[in-house]
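Please work through the following exercises with the model open beside you, and try each task before reading its solution.

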Amino acid sequence: MRVTVSRKAHFNSAHRLYRPDWSFEKNDAIFGKCNNPNYHGHNYDLTVSVTGEIDPETGFVMDVKILKDFIKSEVEDAFDHKNLNLDVPEFKELNPTAENIVVVIYDKLKKVLDSNLDLEVTLYETARNFVTYSGN
Ligand code: NI
């Protein structure tokens with residue numbers, strides 16, 4: 001029996017979407033308000049889902065407290081109240097779009113989770129705009 005266990009989390013970050021190799025006009029045309037040179041913030045919401053077999057001894061797929069601690073150490077401590085472009089090394093050269101952020105979060109969590117667990121991460125940039133990545 002494979003069961004999915006999910007945990008929700010939240011962080012606030014600032015970012016700017018732009019490519020330094022493009023003109024301001026081109027960045028403005030592609031990224032719109034997200035190209036504001038003085039940055040802007042989002043209240044990001046996150047759902048982390050882990051799928052695996054139920055351990056017959058504990059009855060858990062994984063201890064949700066451990067999942068919560070991984071989300072805190074890998075995501076919240078790294079991103080919350082940070083400027084993603086300036087403060088987070090993964091985005092030094094990578095545009096912090098929701099798509100790229102969800103892949104970075106997935107990769108960080110995948111490294112610390114038991115390798116026989118499947119992972120899926122959904123990131124909400126706004127209540128209506130969200131992206132999902134499961135490693136494919
Ligand atoms: Ni934005």
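**Exercise 1.** Over the face of which residue does K26 lie, and at what distance from the ring centre?

*Solution.* In this predicted model, K26 lies over the face of W22, at 4.3 Å from the ring centre. A second case involves R16, which is placed over the face of Y18, 3.8 Å from the ring centre.

**Exercise 2.** Classify the aromatic pairs F11–Y44 and Y106–Y133 from their ring geometry.

*Solution.* A search of the whole structure gives 6 aromatic pairs. One of them, F11 with Y44, has 5.0 Å from centre to centre and 20° between the planes, and is stacked, because planes under 30 degrees apart count as such. F11 belongs to strand β1 and Y44 to strand β2, so this pair ties together parts that are 33 residues apart in sequence. F11 is buried at a relative accessible area of 0%, and Y44 is likewise buried, at 0%.

For Y106 and Y133, the centres are 4.8 Å apart and the planes stand at 70°, so the pair is edge-to-face. This pair links helix α4 (residues 98-112), which holds Y106, to strand β5 (residues 130-133), which holds Y133, across 27 residues; both tyrosines are buried.

Conventions: Residues are numbered from 1 along each chain as its sequence is written. This is a predicted model: local features need pLDDT of at least 70, side-chain atom pairs count only at pLDDT 80 or more; totals for chains, interfaces and linings use all residues. Side-chain values use heavy atoms; hydrogens and water are left out. Rings of Phe, Tyr and Trp (its six-membered ring) pair if their centres lie within 6.5 Å; planes under 30 degrees apart count as stacked, over 60 as edge-to-face and the rest as tilted. Helices (H or I, at least four residues) and strands (E, at least two) are DSSP runs, numbered from the N terminus. Buried means under 20% relative accessible area, exposed over 50%, partly exposed in between (1.4 Å probe, protein chains only). A charge sits over a ring if NZ of Lys or CZ of Arg is within 6 Å of the ring centre and within 35 degrees of the ring normal.
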